[in-house]
Every structure is written in C-alpha cells, then in structure tokens.
Amino acid sequence: MRNRRRDKTRALRQRVLILCEGAKTEPNYFNSLKQDASKKRYLTAVDVEVYQPKSHSPLGLVREAIIKKKRALTKGNPYETIWLVFDRDYHKHIEEVILMAGENDIRVIISNICFEIWFLLHYEDLDVNKHFLKCGNVIKHIQQNYVPRYHKNGKNYQQLKETTPLAINRARKMEEVFERGVLSHLKFHEREPYTNVYVLVEYLLDL
C-alpha cells in the first residue's frame, strides 16, 4: 500500500506548469490526463494554462513562461519544471524561442504539423516521409480511419489511454529514424511529421 502522506508531499513538491498556445486540443488533453482516476492524486500541482500571444508567435509564449517562472520564484513557490506546448505552424523565430527556453531551463514540446500527430500515433506508425499539408488533413485522416466523430473539444486522453504506451513507443521509434537516418541533419523543429509530446506525457505519468 502506498504511503499517502509521502504521496501528498511528492505531489506538492512536483509543481509543474504546462503553458499551451492552443486553446482547445492541448489543454483538454492534459486536463483530461490530470483528472484520470489513476493519476489525479499525483498531478494536483500540475497547472495547465493557455496563453495566446497577440503576435501569434511562440516568442510571446516563451516570454510569458519566463515571467511566470520569475513570479513563482519571487513568491517562494517555484515550478519544478515548465513546459511550452505549441505547433510548428511555420512560425518565424523558432530557433530564438528554443534558445530562450533552453537558457531559462524551460522545456519545449513541439508538434509538426499539429498536436493531432500525437493522437495519430495511438493508431498507427508514421512514416517520416509521409507529410500532411495542413492540420485539417491529419484530422480528416483520423476521422476517416479511426474516430469518425473526432473533434478538438474532446477529452481525448480518456479515449486514448489504453494505447498511450504504444504511442510512446511509436514516437520514440520515429525519433530514432530521424536521428539515425538520412534526415539526421534536420534539427528537431524541422522534422515533419514529428512530435515530442511523448516526453511530457511520460514525465506526467511518472509523477
């Protein structure tokens, strides 16, 4: 039997911020994970927030994360980790965003072409040479082949929970193909299709 006092202390120690650019899919997914019966007790100190910069650039997202990090530290209640979650979306200044995040010990979770790539990995292996022109094509593929009623407002973690370990393995395998194959020259934000959402999901599941 678990020591409840120890579990509570552990949850309080692991104060985490997940800052999402998307207003629906990403926060819905992570909030659904937080509310899962098997994880709810351990993720009480995980904050999932949405911030949409006026510039529609992840530069605004990383700047907001730095502000929140400093504010939490000043209040004596720092975050153990901060994660930025956004889609590649052909944003300019992406390398500057990654550099700023690294300098401030902030983790970057990026999906190319969109977050639904992570959902798709729950259903199939992805060929790194298979490209989707836009996010709508990924969604249409999911709807036509796996979830006819898929929509961004769904609490998708609950629907995908059973195959999450499989998706993690597929994401790792895709990462290895990029790192060791003919596309190894690409920086991680240049890969497509690509997502490293699995890194954050594994982190949360291990808390």
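Predicted model: local features only at pLDDT ≥ 70, side-chain atom pairs only at ≥ 80, totals over all residues.
Helix 8 itself comprises 17 residues (164–180) and reaches 24 Å from its first C-alpha to its last, close to the 24 Å expected at 1.5 Å a residue. Its buried residues are Thr164, Ala167, Ile168, Arg170, Ala171, Met174, Glu175 and Phe178. Because these residues cover an arc of only 165° around the axis, they lie on the same side of helix 8. An α-helix has 3.6 residues a turn, so residues three or four places apart point the same way.

Arg170, which is placed in helix 8, has a relative accessibility of 14% and therefore counts as buried, the cut-off being under 20%. A polar atom of the Arg170 side chain lies 3.0 Å from the backbone oxygen of Leu121. When neighbours within four places in sequence are left aside, Arg170 is in contact with Leu121, His122, Tyr123, Glu124 and Asp125.

The largest nonpolar core of the model contains 62 residues, and those with the most contacts inside it are Ile18, Tyr29, Phe30, Trp118 and Leu204. Helix 3 (residues 58–74) supplies the largest share of this core, namely six residues. For Leu204, again leaving aside neighbours within four places in sequence, the residues in contact are Ile18, Phe30, Leu33, Lys39, Leu43 and Val46. In soluble globular proteins, nonpolar side chains tend to be buried together.

How values were computed: Residues numbered from 1 in each chain as written. Heavy atoms only, no water. Core = buried A, V, L, I, M, F, W, Y, C linked by side-chain atoms within 4.5 Å. Buried < 20%, exposed > 50% of the residue type's maximum accessible area, 1.4 Å probe, protein only. Helix = DSSP H or I, 4+ residues; strand = E, 2+ residues; numbered from the N terminus. Contact = heavy atoms within 4.5 Å. Expected span 1.5 Å × (residues − 1). Arc of directions from axis to C-beta. Polar contact = N/O pair within 3.5 Å; in protein donor to acceptor, adjacent residues only side chain to side chain.
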